[in-house]
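Thank you all for coming.

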Amino acid sequence: MKRRIGILTSGGDCPGLNAAIRGVARAAYEMFDAEIIGISDGYRGLIEGEWQEMKRSQFSGILTLGGTILGTARTPFRNMRVIGDDNVDKVKAMKDNYEKMKLDCLVTLGGNGTHKTANLLSEEGLNVIGLPKTIDNDIFGTDFTFGFHTAVDIATEVIDRIHTTAASHGRCMVIEVMGNKAGWLTLYSGLAGGADVVLLPEIPYDIKEVAKVVEARAKSKKAFSILAVAEGAMSKKEAKMKKKEREAFRQETGFNGIANRIAKELTDIVGVEARAVIPGHIQRGGSPSAYDRVLATQFGVHAAQLIEKGEYGVTVALSGNNIIHNKLSEIAGVPKPVPQDFQMIDVARDMGISFGD
Ligand code: F6P
């Protein structure tokens, strides 16, 4: 059996993309007569026809490599069916290029936006398999995405390092953790790093409650406080607003990121010396952790097994200890916030961690 497989990585990068690409390629070469086409910069390359026939050697030595050897780009799903100034029908261009490449299937590595476009292409008749990557862990249908655990390790190290300097100076340190609209990364790294306060988008906070915790600590022997704050966290007042209203409110009040705002508010209310720390894209950089290398490899190999069976229109996922696959149509565009009744939230509360609510 011969199969021509197109692979692309789309959206924000994360550690583990190369491990997953390698997993697909190595298993495919082992299992059947595979030809692999690497598409550059995600859907941009598929639309504009930028690809290369890959050699087997190109998949060697990339297991530990961060980023993606194929390059990536954000090509928003909402614009896929919109014909812009360039007059390009993007969906038609992607289908035409799939034909030109003579593909039997397309493997798309990405997050929520990538999965929505993968589903669109599947509905348009292409053979598509998704692999869920993101440091945000916000893809419905999988317990974990690859990239997440590495980012947890990095964010935890940031919190650990902040801990020592916070203790030396008796300061209140507010660490802004990535994660988009989901609090997974903040919850896991906050717990792993021993944060005193964890603020998540899923649990709107009241700054007075946060101030109470910081004030009590400031008066105690442990005068410092560590706050792990999700970039998407919001106050109770903001949570009642519609998205546009909230954005306008933030602009009016000179919003310069959530950590900066909370640090300033705590200085004003409690009088503590507070600092905002924003590790940003460091959380997405560098080599994948052992966990992510294993998960990405398992996902990649599962994709090759699906290709061998000719099973398409699905995305690979982790369920408990098993690698499974879900229909793209059932998971694409479905959000996965931290559930209100998530057991780890109770664990954290029982440890005395405040969610500021
Ligand atoms: O989705 C991954 C992510 O790192 C989010 O956590 C963050 O909100 C966003 O991407 C940052 O996007 P960009 O790389 O485009 O600045």
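This is a predicted model: local features need pLDDT of at least 70, side-chain atom pairs count only at pLDDT 80 or more; totals for chains, interfaces and linings use all residues.

Arg3 is buried but has no salt bridge, and the nearest side chain of opposite charge, that of Asp104, is 5.0 Å away. By buried I mean a relative accessible area under 20%, with exposed meaning over 50% and partly exposed in between, using a 1.4 Å probe and protein chains only. A salt bridge here requires a side-chain nitrogen of Lys or Arg within 4 Å of a carboxyl oxygen of Asp or Glu, and for charge, Lys and Arg count as positive and Asp and Glu as negative, while His and the chain ends are not counted.

Residues are numbered from 1 along each chain as its sequence is written, and side-chain values use heavy atoms, with hydrogens and water left out.

What, then, surrounds Arg3? Arg3 sits in strand E1, residues 2-9, where helices (H or I, at least four residues) and strands (E, at least two) are DSSP runs numbered from the N terminus. Leaving aside residues up to four places away in sequence, Arg3 touches Phe32, Asp33, Ala34, Glu35, Asp104, Ile307, Glu308, Gly310 and Tyr312, contact being heavy atoms within 4.5 Å. A polar atom of the Arg3 side chain also lies 3.2 Å from the backbone oxygen of Ile307.

Other charged side chains do find partners, and the structure holds 21 salt bridges. Lys2, Arg4, Glu35 and Glu53 are linked in a network of them. Arg44 and Glu50 meet through their side chains at 3.3 Å, N to O, in a salt bridge; Arg44 is partly exposed, with a relative accessible area of 23%, and Glu50 is partly exposed as well, at 34%. Arg217 and Asp196 form a salt bridge at 3.1 Å, N to O. That pair links distant parts of the chain, with Arg217 in helix H7 (residues 207-219) and Asp196 in the loop between H6 and strand E7 (197-199), 21 residues apart. Both Arg217 and Asp196 are buried. Within helix H7, Lys212 and Glu209 form a salt bridge at 3.1 Å, N to O, and because they are three residues apart there, about one helical turn separates them.

Let me turn to the aromatic rings. Rings of Phe, Tyr and Trp (its six-membered ring) pair if their centres lie within 6.5 Å, and planes under 30 degrees apart count as stacked, over 60 as edge-to-face and the rest as tilted. By this rule the count comes to seven aromatic pairs. One of them is Phe144 with Tyr188, edge-to-face at 6.1 Å centre to centre with 85 degrees between the planes. Phe144 lies in the loop between E5 and H5 and Tyr188 in helix H6 (residues 184-192), so this pair ties together parts that are 44 residues apart in sequence. Phe144 and Tyr188 are both buried. Trp184 and Phe342 also pair edge-to-face, at 5.1 Å centre to centre and 80 degrees between the planes. Since Trp184 lies in helix H6 and Phe342 in the loop between H12 and helix H13 (343-350), the pair ties together parts 158 residues apart in sequence. Trp184 is buried at 6% relative accessible area, whereas Phe342 is partly exposed at 21%. Ring pairs also link Phe144, Phe148, Tyr188 and Tyr291 into a cluster.

Finally, a word on the backbone. Most residues other than glycine have a negative phi. Asp41, although not a glycine, has a positive phi of about 55 degrees; Asp41 is found in the loop between strand E2 (33-39) and H2, and at 22% relative accessibility Asp41 counts as partly exposed. Asn137, again not a glycine, has a positive phi of about 55 degrees, and its place is in the loop between E5 and helix H5 (148-169). At 0% relative accessibility, Asn137 counts as buried.

Technical notes. A polar contact is a pair of N or O atoms within 3.5 Å; within protein, one must be able to donate a hydrogen and the other to accept it, and residues adjacent in sequence count only if both atoms are side-chain atoms.
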